[in-house]
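Biologist: Please take a close look at one part of this model, the interface between the two chains. How is it built?

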2 protein chains.
Amino acid sequence: MAVYTDVDDDDLRAFLENYDLGAPISCKGIAEGVENSNFLLRTERGQYILTLYEKRVDPGDLPFFMDVLGYFTANGLTCPRPIADKNGVVLHILAERHCAIFSFLEGLSVTRPSVAHVRAIGKTLGQMHKIGQTCPQTRNNPLSVASWPELLKEALSGKARDSFPNLFPALEEALADLPQQWPSELPSGLIHGDFFPDNVFFLGENVSGVIDFYFACTDFLAYDLAIVLNAWCFERDGSLNLTKSSHFLESYERERPLTLPEKAAFPLLCQGAALRFLLTRLVDWLNTPANAFVRRKDPNEYALKWRFHRKTKGFDDYR
Amino acid sequence: MAVYTDVDDDDLRAFLENYDLGAPISCKGIAEGVENSNFLLRTERGQYILTLYEKRVDPGDLPFFMDVLGYFTANGLTCPRPIADKNGVVLHILAERHCAIFSFLEGLSVTRPSVAHVRAIGKTLGQMHKIGQTCPQTRNNPLSVASWPELLKEALSGKARDSFPNLFPALEEALADLPQQWPSELPSGLIHGDFFPDNVFFLGENVSGVIDFYFACTDFLAYDLAIVLNAWCFERDGSLNLTKSSHFLESYERERPLTLPEKAAFPLLCQGAALRFLLTRLVDWLNTPANAFVRRKDPNEYALKWRFHRKTKGFDDYR
């Protein structure tokens with residue numbers, strides 16, 4: 001969560017003349033999104049989010065993200081809708097950054113999701129996957145199973161081995177086998193890739209918004225399901241909350257029933273999803289100074305989840 | 001600019017039940033205020049600012065700040081109005097911090113103030129000083145002339161002498177004389193103390209809001225005027241913009257004409273105002289790691305202003 005770039009008031013006023021949004025009334029940098037600078041922008045027309053893309057986002061990916069958000073919102077999902085300027089253009093430059101304006105979404109993210117919350121996100125995720133299967137846009141997953149050995153190497157370089165001495169032998173062993181075991185064919189489509197509680201807003205028990213699609217890509221839908229189960233259905237001690245996971249899966253399957261191969265692969269997909277976040281957290285942990293403003297996320301949380309999934313026998317262990 | 005503390009959604013909902021503001025609709029941490037955590041809060045009733053006081057603010061001062069803001073807003077100044085709960089109480093505890101809710105102020109702060117902007121703030125500052133003279137609340141200025149020798153000592157400890165080798169002999173010399181020369185009696189009252197461009201919002205060329213009263217205290221009104229002249233009327237190269245300063249002072253004097261002793265003391269007050277920010281910036285510079293999220297403010301900017309004021313002969317050099 002960070003604001004990296006300041007926007008000059010004169011520049012903002014001139015920039016907004018490209019749009020049909022009226023003059024700016026207020027513009028506050030907000031602590032949302034780790035990769036970009038985000039502003040809550042009020043204009044004479046209403047409330048919007050202005051996003052400036054910082055260096056961690058590849059500009060070549062931006063048209064894909066805009067198209068995906070446009071497609072999802074056009075199909076009824078409550079995610080940020082890119083606002084086009086008077087010439088129909090979405091992506092612009094402001095303060096020397098690529099940028100775009102989006103619709104504002106009401107709601108609060110939840111710290112302690114209830115069963116009702118996980119039911120609600122099961123439904124939203126199922127709807128998103130159904131819509132995503134028909135979207136013509138595709139993007140390879142840069143953090144797919146093929147990338148994990150490289151991530152492990154990166155995590156191992158430097159002081160990683162000292163910080164997490166018990167983790168690395170098991171990780172190396174697992175990554176020797178996992179790519180071969182990984183399914184080669186399952187129902188695919190657009191996945192969110194980072195559907196964590198931070199990125200979902202609620203009004204009461206209903207999902208009012210899903211944000212931060214900057215990990216969106218094409219991959220197995222059930223792998224995204226596994227990511228979300230990891231992020232929403234575990235206790236702090238690393239044990240699965242079976243009530244939540246069964247409600248979550250049941251609610252998802254009302255929108256998109258899982259195929260038999262998806263169910264068979266589910267424990268492995270959950271292992272992989274846990275590994276993917278364990279590996280990126282290990283890399284970030286070692287590259288983030290302890291006093292930096294961005295909060296480091298604990299790799300151990302995902303080590304516990306990963307170990308849990310290595311012991312499950314099948315889909316029925318999750319419901 | 002920073003958000004230090006997260007507010008849990010359940011805690012926020014429970015907290016708002018004390019108020020007549022309805023349920024929360026959204027709550028975004030905003031990059032406003034260096035000392036506190038600020039949130040842009042939307043409820044069923046409207047838009048507000050929620051401030052959580054972090055450790056740099058003395059809790060004993062909070063009732064004074066609330067009273068001052070209440071007094072100013074009751075007398076027509078556009079500053080944050082503290083919102084009382086159902087029992088008339090303004091100060092509360094949330095996320096283990098003292099906190100309060102304030103009215104939301106529209107407007108944008110300006111990066112490059114125009115002559116019209118400095119005329120507008122001259123008028124607002126004059127109004128604020130007139131109102132502040134009748135306010136029964138008082139608070140000693142913890143950063144007054146008496147505190148500067150101590151600040152210099154703090155700046156000198158550690159590596160300061162190495163970073164700014166040319167500055168310190170002159171500073172020591174100046175601080176040997178300045179406390180004796182400082183006026184002992186001038187019109188006093190509530191001063192803002194930190195009336196910088198960051199803390200003033202405009203809609204067009206009109207002041208729509210003044211924020212961040214956490215340096216407010218009782219002191220010479222003309223000293224506050226000197227602080228504001230330093231903050232708004234200089235070029236980046238350290239030279240005074242005489243057009244801006246004369247418009248600023250003329251506009252201020254339409255609200256509150258300066259007395260002869262105030263005019264006579266003005267160059268010295270300007271020197272002092274420059275010194276005060278030079279000293280705190282030196283202290284902060286040496287205590288802020290280069291990679292910290294809070295941006296370090298350049299002490300040299302205020303060294304240049306200080307040197308300028310040491311060469312002026314009288315009030316007429318400013319208009």
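Modeller: About 3,100 Å² is buried between chain B and chain A, and carbon and sulfur atoms give 48% of that area. Buried area is the accessible area (1.4 Å probe) that two parts lose on being put together, summed over both. This is a predicted model: local features need pLDDT of at least 70, side-chain atom pairs count only at pLDDT 80 or more, and totals for chains, interfaces and linings use all residues. Residues are numbered from 1 along each chain as its sequence is written, chains are lettered from A, and side-chain values use heavy atoms, with hydrogens and water left out.

In contact (heavy atoms within 4.5 Å) are 38 residues of chain B and 38 residues of chain A.

Six salt bridges link chain B and chain A; each is a side-chain nitrogen of Lys or Arg within 4 Å of a carboxyl oxygen of Asp or Glu. A:R112 pairs with B:D10 in a salt bridge, with the closest N and O atoms 3.5 Å apart. The side of chain B that touches chain A draws two or more residues from each of α1 (9-16), β1 (24-30), β2 (36-43) and β8 (200-203) of chain B. Helices (H or I, at least four residues) and strands (E, at least two) are DSSP runs, numbered from the N terminus. β1(B) gives the largest share, seven residues.

The same surface serves both: 100% of the contact residues of chain B recur in chain A.
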